[in-house]
Amino acid sequence: MSKIKLSRRDALTVAGLAVAGAGMAAGKASAQTAGNQFHHARTVEPGNYPPGAPGEDYTPVITPNGVTLPYKVAGGVKVFHLIAEEVQHEFAPGLTATCWGFNGRVHGPTIEAVEGDRVRIYVTNRLRAPTSIHWHGLILPSGMDGVGGLSQPLIQPGETFRYEFPLVQHGTHMYHSHHDEMTQMALGMMGMFVIHPRRPKRRVDRDFAIMLSTWKIRPGARRPDPNEMTDFNILTFNARAFPGTEPMVVRQNQRVRMRVANLSAMDHHPFHLHGHTFQVVGTDGGEIPETARWPEATILIPVGSARTIEFVADNPGDWAVHCHMTHHVMNQMGHDLENMVGVDQSVFSGLVGDLVPGYMAMDGNDMAAHGKHVEMGHMRIPDNAIPMVGAQGPFDHIGMGGMFTLLKVRPGITSYEDPGWYQAPEDTTARLARADEIQKDGIDI
Ligand SMILES: [Cu+2]
């Protein structure tokens with residue numbers, strides 16, 4: 001029985017291809033009209049639709065630590081304006097660098113629109129270098145693809161280019177410089193491009209957009225170093241390193257979507273969420289059909305791709321959200337240190353201290369203590385630098401920096417302002433074991 005079904009479907013597919021082939025032969029077909037049965041990124045056929053309106057046609061995306069690019073409608077077209085320029089950007093309190101971004105921000109503002117919208121995007125170049133902007137994952141005419149030299153002339157300093165195309169799909173996408181990528185992306189020239197479905201099958205209550213990227217900024221330096229190939233020391237969510245990341249606040253039982261994109265130079269990132277599991281519902285190629293979705297607690301986001309996840313935030317608390325690569329939850333880590341784990345440094349740290357005023361040995365057994373020492377004022381770090389890890393939490397110092405943020409799930413909240421630390425119900429927090437408990441349970445210490 002299933003065999004017969006399969007062959008029927010195959011026959012239909014072949015028929016569909018034949019129709020598409022005929023269209024191409026007639027010279028009028030394109031990726032936009034051919035092979036629609038393979039498209040999981042469309043809820044309507046390409047065509048002219050009225051500009052989708054926030055609140056009505058979609059629930060606007062939240063970009064933690066970021067903003068959405070405003071637009072105006074002119075003759076039924078959504079008009080945006082991106083300005084590529086140098087920006088003083090703070091990664092976390094204590095570390096600011098001269099980066100390249102858009103509209104005064106690093107990364108650029110999130111572009112948000114609806115499947116079926118027609119968009120016109122002006123790009124003004126206020127850098128001292130030529131540039132070109134690529135719309136990553138979008139199905140569009142070749143000449144609008146933004147690869148410098150290949151699909152268009154470079155946008156020279158002072159020039160403004162005009163891109164225009166219909167949005168024939170929905171999904172989680174990106175934009176980024178596609179000229180001198182190694183330099184321009186290392187300096188921050190990227191942003192998210194979110195396209196909502198014209199006819200959504202479901203809505204979420206909170207829809208977050210997070211761009212992952214990596215930087216090399218030597219302690220005390222004022223500019224990211226684009227020449228770095230392996231040893232990145234600032235790892236960011238939306239260009240912020242913890243404790244500079246803004247928490248994501250949701251009301252308990254809300255449906256939550258996270259769109260996570262990665263435009264790091266060389267690193268993939270396993271994006272991990274605590275306290276919940278989620279479904280992987282899409283990539284930058286489109287939506288994953290319901291029957292093919294799979295559950296995860298960690299999803300690998302390869303360089304140059306996006307993953308969209310959804311879950312119901314039914315578990316109240318303060319939940320860590322972070323890259324699971326342990327060196328990616330560190331700030332300005334030096335990787336050329338000797339291994340001091342297990343070494344008693346007390347003898348020579350006194351001797352070195354006599355020679356180098358202010359010298360303090362790194363604790364080989366607890367590297368995370370670095371942040372604590374800096375916070376307490378025991379240890380000086382260079383100007384314009386942040387300690388390797390963390391910030392003070394409700395119980396102790398949190399030993400993570402970099403690609404780390406918080407999902408704060410609270411019952412009954414009416415505001416998405418940071419609600420402070422979670423107050424756990426009594427007897428639901430790990431604590432020091434009492435001697436009588438240890439004895440009673442027969443634990444030998
Ligand atoms: Cu990572």
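Visitor: In which loop is the place of H107?
Guide: Happy to start there, with the reminder that this is a predicted model. H107 is joined to V106 by a cis peptide bond, with omega about -10°. Most peptide bonds are trans. As for its place, H107 sits in the loop between β3 (95-102) and β4.

Visitor: What is the order of the strands in the open sheet that includes β4?
Guide: Four strands make up this open sheet, and their pairing is mixed. β4 (111-114) and β6 (133-136) each have a single partner strand, so they stand at the edges. From one strand to the next, the twist averages 20°. The order is β4-β9-β8-β6.

Visitor: Which residue in β9 is the bridge partner of I111?
Guide: β4 pairs with β9 (residues 190-196) in the parallel sense, over 4 bridges. Within β9, the bridge partner of I111 is F193.

Visitor: Is N238 buried or exposed?
Guide: N238 lies in the loop between β11 and β12, and its phi is positive, about 50°, although it is not a glycine. Most residues other than glycine have a negative phi. A residue with 20 or more C-beta neighbours within 10 Å is buried. N238 has 24 inside 10 Å, so it counts as buried.

Visitor: And what does N384 count as?
Guide: N384 also has a positive phi, about 55°, without being a glycine. Its loop runs between α4 (369-376) and β21 (391-392). Because N384 has 15 C-beta neighbours inside 10 Å, it counts as partly exposed.

Note on methods:
Residues numbered from 1 in each chain as written. Predicted model: local features only at pLDDT ≥ 70, side-chain atom pairs only at ≥ 80, totals over all residues. Pairing = 2+ DSSP bridges. Helix = DSSP H or I, 4+ residues; strand = E, 2+ residues; numbered from the N terminus. Axes fitted to C-alpha atoms, helices over the stretch in contact; angles between N-to-C directions. Buried ≥ 20, exposed ≤ 12 C-beta atoms within 10 Å, placed from the backbone.
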